[in-house]
Amino acid sequence: AFVVSTAAMKQIASLLFTLCLSITACRAADHIVYEGRDGPGKGKHVVFLTGDEEYRSEEGLPMLAKILSQRHGFKCTVLFSVDADGTINPNNGASLSNPAALDSAHAIVILTRFRKWNDEALKQFDDAVNRGIPIVGLRTATHAFNGIPKDSPYAKWNFNNNGGWGRAVLGETWVSHWGKHRAEATKGVIEASAK
């Protein structure tokens, strides 16, 4: 038999209550940082910008960032579109979590679509771009911004402003969909010997 005193039970109950409160109060961070291991990227910082409603950049770019950090040594930070409560929401085009990470970026990987960040986030992004750091634009990065207010100094980046940021920085803007958009797909078949 195991006997526990009333005082010990109260202490255990108090600890459990405190633990439950602290777990409830915790929420996920609004960005991810993967510290780099050894490799050619050691000492370099790559910032990944996610935010699109179609291609799941909030899922794919963290995987790429982790690979670059663990196998190649880069410190990688992934930023997201988030709601006020910290929930990742690619439909929230006005949000960019932790834009201050761009201040130390040595490179940017961007997969966004029709973002309309506030002027503070856009300034930090603009400063990084103007430092001349390498930028890799994936898929919808050609039309990364739209809906930035006309009185903003960054309105020139809007997609509907002669191609905006995509044409000015990446060399082209969105042109058209290939095939029947939202009706066609690619079928992946796993080779039997690779199962």
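Is Gly 41 buried or exposed, and what is its relative accessible area? Gly 41 is buried, with a relative accessible area of 0%; buried means under 20% relative accessible area, exposed over 50%, and partly exposed in between, with a 1.4 Å probe and protein chains only. The glycine sits in the loop between E1 and E2, where helices (H or I, at least four residues) and strands (E, at least two) are DSSP runs numbered from the N terminus. Contact means heavy atoms within 4.5 Å, and on that basis Gly 41 is in contact with His 72, Gly 73 and Phe 74, its neighbours within four places in sequence being left aside. Gly 41 and Phe 74 are 33 residues apart in sequence, and their C-alpha atoms are 4.3 Å apart in space.

The model is predicted: local features need pLDDT of at least 70 and side-chain atom pairs count only at pLDDT 80 or more, while totals for chains, interfaces and linings use all residues. Residues are numbered from 1 along each chain as its sequence is written, and side-chain values use heavy atoms, with hydrogens and water left out.

The secondary structure of the protein comes to 4 helices and 5 strands, and along the sequence these follow the pattern α-β-β-α-β-β-α-β-α. Of the 195 residues in the protein, 36% are buried. Among contacts with a separation of 6 or more, 69% are between residues 24 or more positions apart.

The sheet comes next. Strands of a sheet pair through backbone hydrogen bonds, either parallel or antiparallel. Here, two strands pair if DSSP finds at least two bridges between them. The 5 strands form an open sheet in the order E1-E3-E2-E4-E5, with mixed pairing. Strand E1 (31-34) and strand E5 (135-137) are the edge strands, and each pairs on one side only. From one strand to the next, the twist averages 15°.

Strand E2 (residues 45-51) runs parallel to strand E3 (residues 75-79), and 5 bridges join them. Across this pair, His 45 stands opposite Lys 75 in E3, and Phe 48 stands opposite Val 78 in E3. E2 is mostly covered, with 7 of its 7 residues buried. His 45, Val 47, Leu 49 and Gly 51 point one way from E2, whereas Val 46, Phe 48 and Thr 50 point the other way.

Helix H2 (residues 57-72) packs on the sheet, touching E1, E2, E3 and strand E4 (107-112). The direction of H2 makes about 170° with that of E2; axes are lines fitted to C-alpha atoms, for helices over the stretch in contact, and angles run from 0 to 180 degrees between N-to-C directions. At 1.5 Å a residue, the 16 residues of H2 should span 22 Å, and the end C-alpha atoms are 21 Å apart, which agrees. The expected span is 1.5 Å times one less than the number of residues in the helix.

The buried residues of H2 are Ser 57, Glu 58, Leu 61, Pro 62, Ala 65 and Ser 69. Seen down the axis of H2, these buried residues fall within an arc of 115°, so they line one face of the helix; the arc is that of the directions from the helix axis to the C-beta atoms. An α-helix has 3.6 residues a turn, so residues three or four places apart point the same way. The buried residues of H2 pack against E1, E2, E3 and E4, while the face turned away from the buried side carries the exposed residues Met 63 and Arg 71. Just after H2, Gly 73 takes a positive phi of about 90°.

A nonpolar core is a set of buried Ala, Val, Leu, Ile, Met, Phe, Trp, Tyr and Cys residues joined through side-chain atoms within 4.5 Å. The largest has 23 residues, of which Leu 49, Ile 108, Phe 125, Phe 145 and Trp 165 touch the most other members. E2, E4 and helix H3 (119-130) are the elements that give two or more residues to this core, and H3 gives the most, with 5 residues. Apart from this core lies another, of 12 residues, among them Phe 48, Leu 61, Ala 107 and Val 109.

His 143 lies in the loop between E5 and helix H4 (164-170) and counts as buried at 7% relative accessibility. Glu 184, in the segment after H4, counts as partly exposed at 45% relative accessibility.
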